[in-house]
Amino acid sequence: MASAAASPLTCHHLGLRPRPRLPSLSLRPRLPSPTTVSSSLASNPLSLPLSRPKPDSHVAVAAARRVRASASAAPAPAPAPAPKAVALQGAAIKPLLATIATGVLIWVVPPPAGVARNAWQLLSIFLATIVGIITQPLPLGAVALLGLGAAVLTRTLTFAAAFSAFGDPIPWLIALAFFFARGFIKTGLGSRVAYAFVSAFGGSSLGLGYALVFAEALLAPAIPSVSARAGGIFLPLVKSLCEACGSRVGDGTERKLGSWLMLTCFQTSVISSAMFLTGMAANPLAANLTAATIGQGIGWTLWAKAAIVPGLLSLVFVPLILYLIYPPEVKTSPDAPRLAKERLAKMGPMSKEEKIMAGTLFLTVGLWIFGGMLNVDAVSAAILGLSVLLISGVVTWKECLGEAVAWDTLTWFAALIAMAGYLNKYGLISWFSETVVKFVGGLGLSWQLSFGVLVLLYFYSHYFFASGAAHIGAMFTAFLSVSSALGTPSLFAAMVLSFLSNIMGGLTHYGIGSAPVFYGAGYVPLAQWWGYGFVISVVNIIIWLGAGGFWWKMIGLW
């Protein structure tokens, strides 16, 4: 080291700036702590400039070596955690097994005499699909698609037959209703109408419900499609009312108002459909079958006269009973009318988009009312209205594609219509009707009791149907014929079966055109929808056969 220091060759000779000489290490100067040096070395091993120690600093050299050793022995930084694997969101296993087991058990049972093998196989797939829809191992549309796939794979149905109902107008009318609801809410027109309703009737939830119920009943004779009334007019309005009152899907506020209001509007929609010959598209079919079977027709006036008393009683009692057994959390809101008026004032005049939306609704509803004279059906009118909304930009196609509930409802409803339709075509429904008729006829009961048994079987067999028209076409004539043969007054039997052909749609979320519309809003869980549907069915049967029976006696139907 001494010879190196005395060498005549220095930095000045090379034309370089000399490096500053480091102070010699010794025991007296205060050394940095080992932790500080260690962390510095670990972070950058070249950060400390080194110099050759003098011979008399062997103690400091040993200390420095120990520091370097401790730095080299420091643990390496922990490696970054490996990314977590994304969990697969597949089917719920127990509901899936229950669904499959239902289908397999029925499939392996030999079909009864008089039932074709393909009809029995389709029944097993249909019932398995219903179990899957109830238990929901997958979303409803996925369950229905699996059911159609099973029917095609087992060659129970051809592909064309399995997907034939996707050309049926009713599922598309329901899907179009959701697109209308999107525009109704997006433009603010829904909020405007909702605030107007709240300002007039919003002092109590029950008053608001009755206002909607009787408004829908007033439109029933003019709009012969319950799907159009429910989806095109009242679903957007009810959704807007629920949101205006702070009741939304997915945030735990469904029971605040929305659950009761949706269920009430649905259950009363089947009542208003039963009150008028033009209240549902399938009612004229029942009237035509009546004329063909017993030689007596049912006119518009006779239908309305017979249905007015039990219908009004049901419209009064059903919302009240639901209010008691499935109550909204908010029952009274004295400040709601005042607040609604204030919000209406803040909204100001109608925007351009609101005016386009309102004009489109008036155009569509007008075509629904007068479409018969113009030869324009309900779904064509709805497509025309949606076209106006798309062209004007009030609703975009991207928004329509984003309406997942609409496409899901279209899928499962069309699937059930297809399977139920082919159960009828394969002869299963006619076999069931004949079996029931023979059984009831052999009991030796009075015509009143026999007719009561037939009515209950006719009513609750609707669990196997996804359409009132399909049920009427498959079973109405057979049950009417047997009722007459057992002594029931023919016209009385025909009208009772016609009325109940509407009311039985309240049993399920697929039994009538308004069911998928209101259920698809998402406010009521499926189990509660079916449970309260059964309870209200009992209420309606008591009202229509009890009070209605006395009324029909008074007007001479029996």
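Author: Buried means under 20% relative accessible area, exposed means over 50%, and partly exposed lies in between, with a 1.4 Å probe and protein chains only. The model discussed here is predicted, with local features needing pLDDT of at least 70 and side-chain atom pairs counted only at pLDDT 80 or more, while totals for chains, interfaces and linings use all residues. Residues are numbered from 1 along each chain as its sequence is written, and side-chain values use heavy atoms, with hydrogens and water left out.

Reader: What makes R338 and E342 a salt bridge?

Author: A salt bridge requires a side-chain nitrogen of Lys or Arg within 4 Å of a carboxyl oxygen of Asp or Glu, and the closest N and O atoms of R338 and E342 are 3.0 Å apart, so the pair meets the rule. Both residues lie in helix α16 (residues 336–347), four residues apart, about one turn of the helix; helices here are DSSP runs of H or I with at least four residues, numbered from the N terminus.

Reader: How many salt bridges does this rule give, and which parts does the pair R182 and E403 tie together?

Author: The count comes to five salt bridges. In one of them the side chains of R182 and E403 meet at 2.8 Å, N to O. R182 lies in helix α9 (residues 169–186) and E403 in the loop between α19 (397–401) and α20 (404–425), so the pair ties together parts that are 221 residues apart in sequence. R182 is partly exposed, with a relative accessible area of 29%, whereas E403, at 12%, counts as buried.

Reader: What does the salt bridge between R229 and E216 tie together?

Author: The closest N and O atoms of R229 and E216 are 2.7 Å apart.

Reader: Why is the aromatic pair of F451 and F492 called tilted?

Author: Rings of Phe, Tyr and Trp (its six-membered ring) pair if their centres lie within 6.5 Å, and planes under 30 degrees apart count as stacked, over 60 as edge-to-face and the rest as tilted. The ring centres of F451 and F492 are 5.7 Å apart and their planes stand at 50 degrees, so the pair is tilted. This pair links helix α22 (residues 447–460) with helix α24 (residues 490–503), the two residues being 41 apart.

Reader: How is F492 paired with W558?

Author: F492 and W558 form a tilted pair, 5.9 Å centre to centre, with 50 degrees between the planes. F492 is buried at 7%, while W558 is partly exposed at 36%. F492 and W558 also belong to one aromatic cluster, whose members include W303, W447 and F499.

Reader: How far can residues 1–57 be trusted?

Author: pLDDT, the predictor's confidence in each residue from 0 to 100, stays under 50 over residues 1–57. Where pLDDT is low, the predicted coordinates should not be read in detail. For the protein, the mean pLDDT is 81, and 84% of its residues reach 70 or more.

Notes: Contact = heavy atoms within 4.5 Å.
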